[in-house]
Amino acid sequence: MTLGLNSFYDYGRMTGIIEIFTLKNYQRLWFDSYYLAIIGRTFRLAGITAIITLLVGYPVALYLTIASARAKSWVIALILSPLLISVIVRTFGWAIVLGKNGLLEQFFSGFGIADIHFLHTEAAIVVGLVNVLTPFVVLAVATSLQAMDQAVPLAATSLGAGPWQVFRRILLPLSLPGITAGLLITFGLASASFVTPAVLGGSQYKVLSVIMYQQAIVLQNWPFAAAIAVTLTLIVLVVQGLQTRFAERADYRAAPQ
Amino acid sequence: MISDRIRRWLGIYAGVICLLSVLPVLVIVIESFTASDYVVFPPKGFSTKWYFAAAQRREFLESAGLSLVVAFLSSCVATILGTLVALALVRHRFFGRAILQALFMAPLSLPGIIFGLALLQFLAMHAIPRDIFAVATGHVVITLPFAIRFITVSLAGIAPELELAAQSLGADRWAVFRRITLPLIRPGFAASLVFAFILSFDDVAVALFLTTPTSMTLPVRIYVYIDQNYDPLITAVSAVVVIAAFLALAVMERTLGIGRLFGLR
C-alpha cells in the first residue's frame, strides 16, 4: 500500500494538464521573489514555533519526572487530551480568544490599550501552532528524561551541585536527544500545517501549505500544486534526515558508557 | 534532587500550561451557549438556540453521519490490516523485512496535506470517483502505521512459548491465533481501533482534497463554514464533537490509560 503511495507520489510531480516534461513549475516556485518570500515565511514560522514549543513544553516534561503519580496522570491527561479533538475545533477556539472583542483584546483594553489586534497576525498562528504541538515536545523530552538513571541528578546534588548546575550539566545534556527530536518534529509538523495558518492567519498570510491548497482546489493548477508539495516534502525529509542523524549520534555517544 | 520551591514552581507552571492547552476547547463549549447572534467571549446570556439552529442544518447532520461511517470503516480496515502486518513483522524473519517495516511507517512522516493532494491526483489519473470510500482509503493509509505500532507492541509482550505450547497441544494455526494470540493482544487491538477512529474522525488535511460538496466529512464541513462565516453556530457543532471526544477519552482512560498508549509510564 505504501509502495502504491510512493509511486503515485512520484506521479504527482510532473503530471501536467499538458503532459510535457517541464521544470517551469519549479522555476516559478524557487526563483520568483513572491514565492521565495512564502518559502522563507514557512521556514520562519516553523522555526519560531519549534523554539517556542520547546521552551513551553520542556518544563512540563521536567515536572513529569518529579511529580507525584496523581499529579502526573492529571498533567498527562490534560496535555494529551487535546490531541483527540480535531485541530479545526481547537484552532477556532483560539480564533475566539484572539479575535475581535476576544478575551485577549478585552484584557489589553482593560489596561487602556485599545486598538490592538491579534487575529490574522503571525503571533496568532504561532500561539495556535504551539498549542497544537506542545504534546509532541512533552512526549519527546519526557521519554528521554525517563530513560535517564534517576540517581544521576541525586548524585550530582550530593556532590554539591546547585539546582541550576544540575540542570545545565546533567539534565540538559542527557535530554539533548529528546530536545532535538522535539524541535525537529515540531518544525516538520509546523512547516506542513494547514488549518492553523489558514484560520488564524487570514487571507493575507500565506505559507506553502496554504498556497498549495489554493493552487490545487481553487485554481486547479495541479502541476504547480504538486511542485509545492514536492518542495514541502523535501523540507520535511531533510528535517527527518537530520533527526535520524542526531538520534544515531546520541546512541553512539551513549554506547561506551 | 530538586528543592521544594522549584518543585512547586514547576507544578504551577505545568498547571498553567495544562490550562492553556485545554483553553480553546473550553472556550468553544462555553461560547456555544451564548444568546447573542455573533461571537463574543465571554458569552452574553445563556441559551441553547445555536444547538437547535445547528440541528436544523441538515448538512451538518449528514456530514456527521458520513464522518462516523468513514471513521468506522477505516478504523476496522486499518486495525485488521495492522494486525496481519504486525503478525508478519514480529513472528517471521524474511528477506526485506526491515524495508517493509520502514515502508509501512512511511505515511507517518508524510504530512497529511501532501498525501491528500497526492491521493487526489492519483484518483483523478485513474478516473476513480471521489466518494466516501476514497476518503476511507486515505484514512486507512494514515492510520495504518499507528495500528501496526500498537499491535506490534502488544505482540512483543507475549511470550512466543504460549503459542508454541498451544501448537504442541494440537491446536492448528487458526485456533492458536483465535484462542491464544487474539485475546492476548486485545488491549493493542482496542487501542488501535479507538485511535484510528479518532484520527479518521478528526482529519481535515486528507479529507479536504477528497471530499466533494455532496460528500463532506464533518471537520471539512466545519472548516468550510468557518472560512465563510463567523457566528456561534459552529461553536455548537464543535461542542458536540468535543463532548463526544471526551466521552471516548474517558472510556479509553478507564480501560487502557492514555499515557501508556503513548509510551509514557
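Predicted model: local features only at pLDDT ≥ 70, side-chain atom pairs only at ≥ 80, totals over all residues.
Student: In chain A, where is confidence lowest, and where is it highest?
Tutor: Chain A averages a pLDDT of 76, and 83% of the residues score at least 70. The lowest mean, 42, belongs to helix 1 (residues 2-14) of chain A. The highest, at 88, belongs to helix 3 of chain A.

Student: How many contacts beyond near neighbours in sequence does the stretch of residues 252-257 of chain A have?
Tutor: In chain A, pLDDT is below 50 over residues 1-16, and that stretch has 30 contacts beyond near neighbours in sequence. Over residues 252-257 of chain A, pLDDT is also below 50. There, the number of such contacts is zero.

Student: Which element of chain B has the highest mean pLDDT?
Tutor: Chain B averages a pLDDT of 80, with 92% of the residues scoring at least 70. Helix 13 of chain B has the lowest mean, 56. The highest, 88, goes to helix 3 (residues 58-91) of chain B.

Student: How many helices and strands does chain A have?
Tutor: Read along the sequence, chain A gives the pattern α-α-α-α-α-α-α-α-α-α-α-α-α. The count for chain A is 13 helices and zero strands.

Student: What does the secondary structure of chain B come to?
Tutor: Chain B follows the pattern α-α-α-α-α-α-α-α-α-α-α-α-α along its sequence. Its C-alpha atoms fill a box of roughly 70 × 65 × 30 Å along the principal axes. The secondary structure of chain B comes to 13 helices and zero strands.

Student: What share of the contacts in chain B with a separation of 6 or more comes from residues 24 or more positions apart?
Tutor: Start with burial: of the 265 residues of chain B, 42% count as buried. For the 257 residues of chain A, the buried share is 45%. In chain A, 74% of contacts between residues at least 6 apart join residues at least 24 apart. For chain B, the share is 74%.

Student: At which residue does helix 3 of chain A bend?
Tutor: Helix 3 (residues 33-66) of chain A has 34 residues and reaches 50 Å between its end C-alpha atoms, close to the 50 Å expected. It bends by about 30°, and A:Pro59 follows within four residues of the bend. The bend sits at A:Gly57.

Student: Which helix of chain B gives the largest share of the side that touches chain A?
Tutor: The contact takes 66 residues from chain A and 59 residues from chain B. Helices of chain B that each supply at least two residues include helix 1 (4-31), helix 9 (186-202) and helix 12 (233-255). The side of chain B divides into 47 nonpolar, eight polar and four charged residues. The largest share, 17 residues, comes from helix 1 of chain B.

Student: How many residues of helix 9 of chain B are buried?
Tutor: The end C-alpha atoms of helix 9 of chain B are 24 Å apart, which agrees with the 24 Å its 17 residues should span. The helix is largely enclosed by the rest of the structure, because most of its residues are buried: 14 of the 17.

Student: Is B:Ile142 buried or exposed?
Tutor: B:Ile142 is found in helix 6 (residues 132-156) of chain B. Among its contacts beyond four places in sequence are B:Pro107, B:Phe115 and B:Leu199. B:Ser200 is 58 residues away in sequence but 8.4 Å away in space, C-alpha to C-alpha. With 23 C-beta neighbours inside 10 Å, B:Ile142 counts as buried.

Student: Why does A:Met148 count as partly exposed?
Tutor: A:Met148 lies in the loop between helix 7 (122-147) and helix 8 (151-158) of chain A. A:Thr244 is 96 residues away in sequence and 20 Å away in space, C-alpha to C-alpha. Buried needs 20 or more other C-beta atoms within 10 Å, and exposed needs 12 or fewer. A:Met148 falls in between because its count is 15.

How values were computed. Residues numbered from 1 in each chain as written. Chains lettered and ligands numbered in written order. Expected span 1.5 Å × (residues − 1). Bend = angle between axes of the 7 residues up to and from the residue. Contact = placed C-beta atoms within 7 Å. Nonpolar A, V, L, I, M, F, W, Y, C, P; charged D, E, K, R; others polar. pLDDT = per-residue confidence, 0-100.
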